[in-house]
Amino acid sequence: MKGIILAGGTGTRLYPATLVVNKQLLPVYDKPMIYYPLSALMLAGIREILIISGPEHLSHYRTLFGDGSGLGLQIAYAEQPRPEGLPQAFTIGRDWIAGEPVTLILGDNIFFGNGLGPMLRRAVARAEAREGGATIFSYRVEDPERYGVIAFDADGRAVSIEEKPDRPQSNHAITGLYVFDARVCDHAASLSPSSRGELEITDLARRYLDNDTLHVEPMGRGFAWLDTGTHDSLLEAAEFVRTIQHRQGIQIACLEEIAFLQGFITRSAAEARGRALEKSPYGRAILAAINEAPVLLPFADRRAGDRRRG
């Protein structure tokens, strides 16, 4: 399984803050926005990652992450010449995907909740299985007309998907996290632009729904899904992260901590990074994770005990 972070777009709703910086590099409380979607991919066990962004911003991501080896990852980069819809990620990244299953996450989405890691790993396992298919994640919202919406029958089976409908058939929005099997690039290549002039992720998901290979994973109570596309939602996300971190004494999306607890990097590598950042709560969280983990903790047990996994 590979992972793509779509960190493109122009960020016009966040002007003037995004006139000189990519939206996904803005801070959400104490760390760059892109740390949050990257942490979700890492919790799913994904280590090969493609970051897609505008050509003027890719150098910033390379400075931030390099080749990913510091996190035990393999990070590649690709240009998005202009935004043409979310499925464009699969045409831009087709050669890199190389016929493998792939998870797409939007660079301005934050996910948090007990059991998030196991939920993501189940979706990955389904996509990698022989029968394949796709998994989307639904979340109940008050204003579904702003999102892609999925409706269910009396037995809880998905029956329809609509993009920003005037009269939504349900309050279940489709979040910015999608897990697809190896057929996704072929499906994406056959899509036509909608009336909005873009390729729609809902049309792509509908291909799987029509083939009866779409799984919907509801994110119910206890999960948080935050979209940081406006000034107000960006502030709300920062307040959420601050509240959780201060109340529980943890770091959300501490990449080196996750990498260590997942077994992606060694104790010495994690400690070196923690020491370099120890003047910040972020760096101290890395060191705390090292101190709390037994030296010879097996990889499987290390995953099971990961506080970031819920």
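Which residues does His-57 touch, not counting residues up to four places away in sequence? In this predicted model, His-57 touches Val-21 and Asn-22.

**His-57 and its surroundings**

His-57 lies in the loop between strand β4, residues 48-53, and helix α2, residues 58-65. Its relative accessible area is 11%, so His-57 counts as buried, the limit being under 20%. The side chain of His-57 also forms a polar contact of 3.5 Å with the side chain of Glu-56.

The C-alpha atoms of Gly-11 and Asn-22 are separated by 7.3 Å, and the two residues are 11 residues apart along the chain. Gly-11 is found in the loop between β1, residues 2-6, and β2, residues 27-28. With a relative accessible area of 14%, Gly-11 is buried.

**The chain as a whole**

The secondary structure of the chain comes to 12 helices and 13 strands. The radius of gyration is 19 Å, close to the 19 Å that the globule rule gives for 310 residues, so the chain is as compact as a globular protein of that length. Taken along the principal axes, the box filled by the C-alpha atoms is roughly 50 × 45 × 40 Å.

How much of the chain counts as buried? Of the 310 residues, 53% do. Among contacts with a separation of 6 or more, 74% are made by residues 24 or more positions apart. The accessible surface of the chain comes to about 14,300 Å², and carbon and sulfur atoms account for 49% of that surface. The chain carries 34 positive and 38 negative side chains, and the centres of these two sets lie 5 Å apart.

Helix α1, residues 35-43, is mostly covered, with 9 of its 9 residues buried. Among them are Tyr-35, Tyr-36, Pro-37 and Met-42. Leu-38, Leu-41 and Leu-43 also belong to the buried residues of α1. After α1 comes Gly-45, whose phi is positive, near 85°.

Helix α9, residues 255-262, is also mostly covered, with 8 of its 8 residues buried. The buried residues of α9 include Leu-255, Ile-258, Phe-260 and Leu-261. Glu-256, Glu-257 and Gln-262 are buried in α9 as well. Just after α9, Gly-263 takes a positive phi of about 85°.

In general, an α-helix has 3.6 residues a turn, so residues three or four places apart point the same way.

**Backbone features in loops**

Most residues other than glycine have a negative phi, and most peptide bonds are trans.

A cis peptide bond, with omega of about 0°, joins Tyr-15 and Pro-16. Pro-16 has its place in the loop between β1 and β2. Gly-11 is likewise found in the loop between β1 and β2.

Tyr-29 is not a glycine, although its phi is positive. Tyr-29 lies in the loop between β2 and β3, residues 31-32. Lys-164 is not a glycine either, although its phi is also positive. The place of Lys-164 is in the loop between β10, residues 158-163, and β11, residues 172-180. Are Tyr-29 and Lys-164 buried or partly exposed? Tyr-29 is partly exposed, and Lys-164 is partly exposed too. Their values are set out below.

| Residue | Phi | Relative accessible area |
|---|---|---|
| Tyr-29 | about 65° | 35% |
| Lys-164 | about 45° | 39% |

**A buried threonine in a strand**

Thr-135 is found in strand β8, residues 134-140. Its relative accessible area is 2%, so Thr-135 counts as buried, the limit being under 20%. The side chains of Thr-135 and Arg-126 are joined by a polar contact of 3.3 Å.

Which residues is Thr-135 in contact with, leaving aside its neighbours within four places in sequence? Ala-123 and Arg-126 are among them. The contacts of Thr-135 also include Leu-177, Tyr-178 and Val-179. His-215 and Glu-217 are likewise in contact with Thr-135.

Definitions and conventions
Residues numbered from 1 in each chain as written. Predicted model: local features only at pLDDT ≥ 70, side-chain atom pairs only at ≥ 80, totals over all residues. Heavy atoms only, no water. Helix = DSSP H or I, 4+ residues; strand = E, 2+ residues; numbered from the N terminus. Buried < 20%, exposed > 50% of the residue type's maximum accessible area, 1.4 Å probe, protein only. Polar contact = N/O pair within 3.5 Å; in protein donor to acceptor, adjacent residues only side chain to side chain. Contact = heavy atoms within 4.5 Å. Rg over C-alpha atoms; globule rule 2.2 N^0.38 Å. Areas by Shrake-Rupley, 256 points an atom, 1.4 Å probe, with all protein chains shown as cover. Lys, Arg positive; Asp, Glu negative; His and termini not counted. Charge placed at Lys NZ, Arg CZ, Asp CG, Glu CD.
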